[in-house]
Structure formats: structure tokens, C-alpha cells
Amino acid sequence: FAKGEYTRATRSVVRWIASSGCPQAQIGGIVQRVASIFGVLVRKISRRAVANMIMEGGIASETQVAREMAQSNSQCLTISVDGTSHRKSEYEGQHVHLRVPDYESGQSVSCPISKPITRTLGVASALRKSADASLAGLKSRIEGMANTMRHFPSSQGLQADLSWRAFLKKAKGMLSDHASVEKSKAEKFGEAKHLDAIRELGEKQLEAMIPEDLRRFMHESYVEKVENAGGFEVWAKMDATEVAHRDLVQFQVLTERLGQTVYDSLDEDERAALDLFLWAGCCSHKDQNSFDGGNRAMMAAYSEFNMPKPVPLANKANAAFVARALDPSRGNKPLSKEEQDAVLATTHGGYKFANLVGMLCENKDDKRGLGDVYLNHMMSLYPDDAHRFSRVHNSRFQSVGEAAADIIQFYDGLVLLLGDVRDGKTKASLTNLEHNILKGLQDDATLSELCILLIYHNLVSSPYMSQVRGLGTDGLNALDLGPLHRDVVNHCQSIGDSADRFLEDLIDTNNSMEEISYRWSFGKHLNFVRPQAMEAAATFIRNRLDKEVVKCLLVAFFAGSKRTWERFSAEFASGGLIDHASAAQRLAAWMPATNDHNEGILGLLRRILRLYPRLGLHQFNSIHMWKFNHTDNFMWHSPLWADNDWEALKKSARERLASKPEQARRKAEAQHRKQVVEIHRKQMQERADKQDRKAEARVELLSKVVPFTAANVNDKVRNTDLDLQIDYRTQFDSTLRATPKGYYKVK
């Protein structure tokens, strides 16, 4: 505290404490207490002052990233996005990947050979989940950050400025997951980039025109504009706003026309450089979807090979109906509708079973399931290997494979646990969930599927993930992973073709898990991630399970996984954009192999909002951006941050907080919701009006019908005439009625 205001160092400490998760109301007391330890007396920082300091960090981070993007020399700038919902509101995480200066060494410009760095733009509130809305939101975010940057004195002397056009020109690619809306975002961004490049070429062509050509061009433009408006008389009666709008539209049309002409005259390499925008899908999602694809193929194999299906795992509502439907004593008695519906709704298999065990042993609700009872039980039996059960409930990558490994490795302990759970109750019994788990543990088909899930997890899934997000993969470029994905497809094919030899190696007691891993695992011959679970699976296959069934399931799973790998790595296909891109272009469009940054920030947002429901989105972004982007280094060490920027920062923070951004965001969401409701109401009213008009027209038509008699019926009567006669008679004859299919019969 100096000269009536908190020092820069104190403000930095406050931001560090806030970024560590401390509630804002308690930060002032913490700073005061720590200072008193060193004999320094400071005034307690109020919550309002803490909020100002946090906002300062967010604004400084926006300025930092905006300057880095503005000064990027287009050697590398890509974006990554992902979306989620929380309490019925849509959110989108946004990151950029580019080369930045090393501020601690005093650099002001990035080194061309430095490793690309990921910067977060925070989380944006999306009014609707669509590609157009996402593109508009990103444009608003970039322009907002550019405006923030321009308010600082040190930005006035920058040679490069940031605009949406400059951002489109520099952006070379996008990373996202494989959802159709995410792919559509990349397509929309590529289209916007191409269109803006065409317009820029047209504008440059206009600037290069000699006066005579320009006058002729403007005259032709004026004539065309007036003709499109409906003639000179119509044009003369237009108000100034409409004229200005048509002038703008006409200018865009003409610049695009000129730009397209210039674009068509460029050679292929020049056009490719202008349009370069590559898309790649997150590798974690590729692995997850390929795991699911293999599981679906394995479940379909029972009908294909005429094998007995796993025991059905019915929920509590359907359990009684399923039990009656599968009771052998019922003979050929047909199923009731309730029994048919229950059987169709009931699922089975290792994937489902792993999720049920997760519900019991590691439920997402702390008050449900066994909680610490499972962990304590397993630690007493397996003190060196026990751990919490895999969190399958939150769909974490590889969670089902880990769950299958836990079940197979700790099979005996799980059986004993169920016995303890049953006998520990006042009335020794099992709930429907516990009963399903006991049935699954006693069912060979379910255990066979679990072994297949475990085998795939160790042979393909874990080795693959270690190569895309393991140690030493920080600088890995997703666009360079085409050969890796071709190898994983070939490996799945190889395992399916050599299923007999693999199973023989697995159950051979003379082979160690290290040897089997070296021969059969994908990639760099890494050791199995769960070798003890693989040993347990080998024991099951050797001593208990039907080897032919296991082989059929193994072949089906790897065949289905191979097909899914091919579908989800289509961006690397021969002849595609990535395949045609040169090494320099792929380097310019560098992007990480996984979308972990967006997945992480969205997960963090959901967790923070559950802990602090009143936290505003602008506060969350300010805290996270300042910490993630290492803005403190920028503020203390960058030559681009001047002393007079500190005062501008304080002023900007006060102005932004005074604008009440959280209230404005929620108001915009409410207004958008009202607009959607009004549109739906208007559509419903239009449909009702249409039905009324049809009914009125039908009544009017029937009023003109002449009833058939023996005298006026002939052989030329059409079906439509008969329908009209029937409709006409049902109005007056109460002995007739209409059936749902449109036929009429006497009551």
C-alpha cells in the first residue's frame, strides 16, 4: 500500500490467490494476515477492490493475447473450440495456438523456430448451438479484444493492428471434436476466410484502377444498383438509410466480383496459400469413438455367430417383466406388451456392466453407492494395487477400459464385497443394482466381453494415447499424425487376422506380459498399462471362458474398431487437404493433437460454478486467462507493457465492472429465449390458421356437393368424388362415422 493505492506487487499477489481458488471475500484477510507475519501493517483489501484487481488481470491478458495475434507473422496461428451446456445455458471454450515472444528474456517479437504456445480466449456464452452463432461469437471476441488493446498507450506505436480480417488472414486451421456442429464451424470459418480474401483482392484491385477505369466502373455500378432497386423513380423515393444499405451491398457485390476475377487469375499455389485452412479432429475423441465402435460390433457378433447373449441387466422398473419373459416354465405363452417393451429396453454386455459397477463403487453422487467402502475393502485385500474404481459416470476417456481392468483384476475381491454388502444389511438382500452386478460376475459371456475391452485397452487404446498426449508430446502437431492413424488401422486389422496366435500367446504360461506386450501392443512396444489385469484375463480365458467365443468377440471388436478408426481419421485420407499440404503449410497450421485445453476449461467452469454459483463469467475468464496465459510475466517483463499502461488498466477495469457484464449477459440470454418463444408461438399460430383455412375450404366445398342418387350416378365417378360424398353424408347422418384410417362404416 503506497500513496493511497495498492502496489502493483500487491495486486499481483491478490490475483495469484484468486487463481488458486480462494473466495474473493477472504483474500483481503489472507493478505493482511500474511503481511502481519512479516511485521507489515496493511489495510484490509475489500471485496470490491479484489474484484477490480481480478478484472485488471483479465483485461491485461486480453491485451497480451491481442498483441501476440496482431504481431504474429502468420507462421502459425490456429484456433480450437469446444462447447458444453450448464444449467440450460450454452458455453464455448476458445483457444488460439501461435508462437509468442519469450518475455522473461526481453523479447518483443516471437522467434520463427520457437515452439507454438496455446493461449486461451476464455469461455464465451453462446445464445444458441450452431456454427453461425459460434463464428459470430468468435468474431465478437476478437474485435472486443482488439478494441481493449487499442485503449492502452503502448499500443499506439504498434506497427500491426488486430482486426477480424487480419485474424481470418492469419488463421490457418481449427481443432475440434468430431461432432457435426464442430465440423460445420470449421467449414464456416474456411468459407468466411475465403470470402474475405476475395473481398480484399477486389478492394486492392479498385485501389489500383486508373481514374478513367474507376469512373467507368462506378457508373456501371450505379446503373446496376438503380436497376436492381426497380428503376430511377423508385430509387429517388428511397430514404437515406435504405440508400446507404444498398450502396454497401452493391459495393460488396462488386468487390467480390472483382476479387473473384483476380482470384481466378492466380496460379494454384497462390490460391492454396490464400485459402489454407486445415481441420483436424481431437485424437482423444478418435480413440473414444473407436472403442465404442468396436463395442457395438462385438455386441452384434452374437447374432452373426449364433452365440448365447450375455445375461440381461434390467433396471428396477423392468426387472420383474424381464424375469417373467425369460422364465423357461412359461413355455410358448406369448409375451405381453409390457414384457415385450421391458425386453427391448433392457441392455447387456461388458460395457453396460462396467457402468453398473461404476454406479455402485464410484457413484457421481457421494450419497449413493458404496463410497469409501469399496476402496477400504480393496485396500485390505490388495494393499499395493488397490485404488478407486474408474469414474465411468463422467465419460472420461479410457474410463470403461480401466473399469474392465479393475473388474477382471479384482474379480475375487468384488465377489467378496457383494457378499459383505448383502450380509451387512439387517435383512440379508441385494438391491436390483447389486443383483445385476452379481449376475454379471457369474455370466461367462459378460466376462468374455470385459476381457475383450481390457485387451483392446492395453493393446491399442493406451499405447495410442501415450503417443498423442503422453510424455514428450507437447510440441506434437496433429497434422503430422496421418501415418500414425494408418498404422493403428493396420494394427487393428493385424490383431483381427491373427486372433488365434494372439490368444495362444496370451494364455501360454511360458510367456511373460512384457513379451506379449512387445509382440502385440501398438506403436513403440510399450509395456501393458495394466499387466496384472492382463494376467487375470489370461487366467479367465485359459481356465473358465469358451475360447471360441472369446475369439469371435475379439475378431468382431477389432474389425469394428478398425472401421471406426478409418471413419474418424478421414481428414488424413490420401488426396485430402492435409495429405496435399506441404510440410511448411502443416507447420504454419500447427495445432495440438488433443482438445484437452477446451475440455479442461469447460470442465473447470462447470466445477467452479457448482462451488460458486454467483461467480460471473467475466470473473471466471479474468482469473483463468491471467493464470493460463502467464500474463504476470507479460506485465512485469515485456517491453510492450509501459508504465503508463498501469493507469489505463485500472481505468478500463473500473469501466468494465461499471457496465455490469454479467447482468448484460444474462439479459441477452433472456431476450434471446423470449425471441425463440415468440417465433415458436408465431409458427404454431400459422399452423393453426392454416388448419382453419383448410377446414373452411372443406366446408365450402362440401356445401357445393350434389348428393348421389340413382339418377345422377354414372361409371365416371372418381375416388375423390366418393370421398366428398362420404364426407357430405357424415355431416347429416349420425349412423355413419369416420375410422382412423379414413374408412366409413355403419354404427
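**Values and definitions**

Author: Not counting residues up to four places away in sequence, alanine 301 touches Asn306, Met307, Leu553 and Ala556, where contact means heavy atoms within 4.5 Å. The model is a predicted one, in which local features need pLDDT of at least 70 and side-chain atom pairs count only at pLDDT 80 or more, while totals for chains, interfaces and linings use all residues. Residues are numbered from 1 along each chain as its sequence is written, and side-chain values use heavy atoms, without hydrogens and water.

Reader: Why is alanine 301 called buried?

Author: The relative accessible area of alanine 301 is 0%. Buried means under 20%, exposed over 50%, and partly exposed in between, with a 1.4 Å probe and protein chains only. Alanine 301 therefore counts as buried. This residue is found in helix H11, residues 283-304; helices (H or I, at least four residues) and strands (E, at least two) are DSSP runs, numbered from the N terminus. Alanine 301 and cysteine 552 are 251 residues apart in sequence, yet 7.4 Å apart in space, C-alpha to C-alpha.

Reader: What makes asparagine 306 exposed?

Author: Its relative accessibility is 70%, so asparagine 306 counts as exposed. Asparagine 306 lies in the loop between H11 and helix H12 (316-325). Its phi is near 55°, a positive value in a residue other than glycine. Most residues other than glycine have a negative phi.

Reader: Why does histidine 630 count as partly exposed?

Author: Histidine 630 has a relative accessibility of 48%, and therefore counts as partly exposed. The residue is found in the loop between helix H28 (617-628) and helix H29 (631-637). Phi of histidine 630 is near 55°, again a positive value in a residue other than glycine.

Reader: What makes H2 roughly perpendicular to H3?

Author: Helix H2 (residues 24-37) and helix H3 (residues 47-71) pack at an angle of about 100°, with their axes 8 Å apart. Axes are lines fitted to C-alpha atoms, for helices over the stretch in contact, and angles run from 0 to 180 degrees between N-to-C directions. Angles under 35 degrees count as roughly parallel, over 145 as roughly antiparallel, 65 to 115 as roughly perpendicular and the rest as oblique. The pair H2 and H3 is therefore roughly perpendicular.

Reader: Which residues of H2 and H3 meet?

Author: Gln24, Ala25 and Ile27 in H2 meet Arg47, Val50, Ala51 and Ile54 in H3. By class, this contact of H2 with H3 has five nonpolar, one polar and one charged residues. Ala, Val, Leu, Ile, Met, Phe, Trp, Tyr, Cys and Pro count as nonpolar, Asp, Glu, Lys and Arg as charged, and the others, Gly among them, as polar.

Reader: Why is threonine 63 called buried?

Author: Threonine 63 has 0% relative accessibility, and so counts as buried. Its place is in helix H3. Leaving aside neighbours within four places in sequence, threonine 63 is in contact with Thr148, Met149, Phe152 and Trp641.

Reader: How do you know that S2 and S3 pair?

Author: Two strands pair if DSSP finds at least two bridges between them. Strand S2 (residues 89-98) and strand S3 (residues 117-126) have nine bridges, in the antiparallel sense. Ten bridges join strand S1 (residues 77-86) to S2, and these two also run antiparallel.

Reader: Why is one side of S3 left without a neighbour in the sheet?

Author: Five strands form an open sheet in the order S3-S2-S1-S4-S5, with mixed pairing. S3 and strand S5 (278-281) stand at the edges with a single partner strand each, so one side of each has no neighbour in the sheet. H3 lies across S1, S2 and S3, running at about 120° to S3.

Reader: What makes glutamine 94 buried?

Author: Its relative accessibility is 2%, so glutamine 94 counts as buried. Glutamine 94 is found in strand S2, where it is the bridge partner of valine 81. Glutamine 94 also stands opposite glycine 122 in S3. Glutamine 94 and threonine 120 are 26 residues apart in sequence and 6.2 Å apart in space, C-alpha to C-alpha.

Reader: How many of the residues in the chain are buried?

Author: Buried residues make up 45% of the 747 residues in the chain.
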